[in-house]
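Biologist: Show me the model, please. I want to know what stands behind each label.

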Amino acid sequence: MKKNWLSYPYLLWMVLFVFFPLLLVFFYSITDRTGEGLRFTLAHFRRFMEPIYLKVLTRSVKLALISTVLCLMLGYPMAMILAGNHFKRKNIMIFLFVVPMWMNFLLRTYAWMTLLERKGLINTFLSWLGLNPLNLLYTEEAVVLGMVYNFLPFMVLPIYSVLSKIDKNLIEAAGDLGANQFTVFLKVIFPLSLPGVVSGITMVFMPAVTTFVISRLLGGGQFTLIGNLIEQQFLYAGDWSFGSAISMVMMIVILLSTSVITKYEKENEGGGLW
Amino acid sequence: MVKKWPILLLITLVLTTVLTLSSCGQDNRVVLNVYNWGDYIDESVIKEFEKKYNIRVNYDTFSTNEDMYVKVKSGGSNYDVLFPSDYTIERMVKEDMLLKLDYNNIPNAQYIEERFKHLDYDPQNEYSVPYMWGTVGIIYNKTMVHEPVTSWRILWDEKYSKQILMLDSQRDSIGVALKMLGYSMNTLNLEELEAAKQALIKQKPLVLAYVGDDVKDKMIAGEAALAVVWSGDAVYMKWENPDLEFALPEEASNLWFDAMVIPKSSKHQTEAETFINFMCDPEIAFKNADYIGYSSPHREVQKMIDPELLADPTAYPADAMLESYDIFHDLGEYLKVYDRIWTEIKAH
Amino acid sequence: MVKLLKRCYAALIYLFLYAPILILIIFSFNASKSRANWSGFTLNWYLELFKDRQIMKALYNTVVIALLSSVMATIIGTAAAIGIHNMKKLKKKLVMNLTYIPVVNPDIVTGLSLMLLFVFTKFPLGLFSLLLAHITFNLPYVILSVLPKLKQLDKNLYEAALDLGASPLHAYHKVILPEIMPGIITGMLLAFTLSVDDFVISFFTTGSGVSTLSIIIYSMARRGINPKINALSTLLFLTVLLLLIIVNLRTSGNGANKKRSDLKW
């Protein structure tokens, strides 16, 4: 199919608005502004290898991974329910899924605080039942909750859109050949939904690693994540070079790790990763 | 599903048409671009200004000094009036980013209290006119803290483990630790900074959270016993929850100012000065101070506000107290040092 | 029984999503500015909201930018996805990695680098630069939504249509497009969502006089969010719900023949 020209507008766009800015970031990361002018150096990258920064990186990746897995575990069944014929107005249910996201994120996070605080609504409800109040806010768990809340629709929607068009004859055929519901899922439905799953994981994991608002608000600023670190460099420390270096490292780390996930895709339908 | 397109298009068309028409009528008035903190002005004041001087005002907001600084420094924008804080003004003066004010156009500046002229960051008042000011102190819940609060050290008291809220701001929190140890909030001495870092790391297990503006709601709700807050916020918090009390520690604290400046990128210096002058008009300044609730540096305003508020040391502390207070200075290259310390504390 | 379980699960998920929204709405009627104190019911904030010119302008900007950028990103992105789908492996890898960059990069890096690009090329910052920035970070999400649908597509369908005498354009319109439509819709919804909620990138790529709702809200970070914003969010939410109900009533007739595509499990 000679349709490569369809992607030309996009390619042009990417070169202008993604590639050139990327070059800019790369340029900042390998240069140093000294008294005499510019100097090429790898010092910024080496600085990132210090234990404290690696600690921040590991924590960010860990939290992002947990959030992504949770999103997948919670989101996949939801996508299946949406794709099934359980609701008469499917499109409305999809829309209703996304509408909460149109309310400003800061507002919704503050609302979560009202729910999770020591004297918040959840604890008030628990003590009304006679149970002990829980320490829900300012924990790593709260940060994960925030991430899952924020990214769930990004996992559910791609999976749903793929599930909704799986040829149901394949499922019936598998059933006819003697497979029970579980085997049908494992051997037919799940493999066919993989393209959606991979997209979902991509759209959740990548931004989850670099988010910083959630950890700042729900984590009580106690967990510096890589997103916080980068923001600090650009705005507070004025160290654009170091900030750029961290960003470059992030890009490489994430792109490499995503390639591991997509290795499970069929060879000839690769999503373009390594 | 395909049937949705006509409806979507119709809505889009209607929206765009209606709203384009409403924004039509481009006038030939001068347009003044004002850049201020969010929710930091009485809105009606802007409309009054526009009517009185026939100048249109584009009012934009920023969330931190640093955001605003990057935006203005990069050169892409053309703001006429900015409302930075003390240390940012110092930095902008150093980097030649501001215009010198022509006080012939700002006669109302005479209303600024004498003690607020010749401040560290702008000794000759060449570039700025103060807008709001305040201090940093400890707010505490009287029902949870049964001893007098006189020193920063109470924030390191293990008795209040997980009942302490610190500010999620590098300079403010490191500043508190420095003051507790008896050092200046602007120190460049690496040993003193190291001591402050160790103190903050030691404190971390006792801290419930490092918060931003939600410290107000937290203390009002009684979620914590002690918190570091700005004096203006303390006034509001005490009003919402009478159990709260504000204290300025004996080791002294931070004195802060937000002031009006004109960046070099401005194309309407005269109009900008008119705006600053307007903001210093007693009636207008009072409206702002009343709405915002922070302390005003304006002599006439202090005559107009509720005498109870004027007598409250939270909002208007005695002159003598403020002698030893530190105003933040621009740290220049040492910003990186402070940042590194903050990272080590937070990542611990 | 299983059906009940499924409905319960779905209900729980929706509750999870909407709980904060309910709280948000409730506090728009709180007389006190603080969310820690309930000091009485009031409609004051709604009145204040309509007097606030800045917020109204920002609302207009936000909606316009979100609509335009998501529609344009969808058009360019869908075309791109189709093109990428047919690329050779190596080129595909390169393009996809480039596509991931805006998703991987923290907002601040994307925002600052775009700002520098505009400043460097003397492109004026304003509504248009804001639009360009929004389209840029929306594109990858559209592509990531449409691509899996293309992979799911049976290649033979298209060729069969050509064999039966359809022109390539006609075959596209009648065969490919309907099949990938869920992906396109998903992509557009996600793009719109991202656009409405973005702060950092918008902050740095917009010009004076052009603010979005997000910028106004995040700028209140130092002072605390004014409940006017809660009032606005409540109104927006109700408007969207209303629109959904209207649309739903119109398309209820078409529900019957859509059942064939439901996934039975």
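Modeller: Start with handedness: a crossing is left-handed if the near helix is turned anticlockwise from the far one by less than a right angle, and right-handed if clockwise. This is a predicted model, where local features need pLDDT of at least 70, side-chain atom pairs count only at pLDDT 80 or more, and totals for chains, interfaces and linings use all residues. Residues are numbered from 1 along each chain as its sequence is written, and chains are lettered from A in the order in which they are written.

Biologist: What is the handedness of the crossing of H3(A) and H7(A)?

Modeller: Right-handed. Helices here are DSSP runs (H or I, at least four residues), numbered from the N terminus.

Biologist: Why are H3(A) and H7(A) called oblique?

Modeller: They pack at an angle of about 40°, with axes 6 Å apart. Under 35 degrees counts as roughly parallel, over 145 as roughly antiparallel, 65 to 115 as roughly perpendicular, and the rest as oblique. H3(A) and H7(A) are therefore oblique.

Biologist: How do you know that chains A and B touch?

Modeller: Contact requires C-beta atoms, placed from the backbone, within 7 Å. By that test, 22 residues of chain A are in contact with 21 of chain B. H11(A) gives the most to chain A's side, with four residues.

Terms used
Axes are lines fitted to C-alpha atoms, for helices over the stretch in contact, and angles run from 0 to 180 degrees between N-to-C directions. Helices (H or I, at least four residues) and strands (E, at least two) are DSSP runs, numbered from the N terminus. Two residues are in contact if their C-beta atoms, placed from the backbone, lie within 7 Å.
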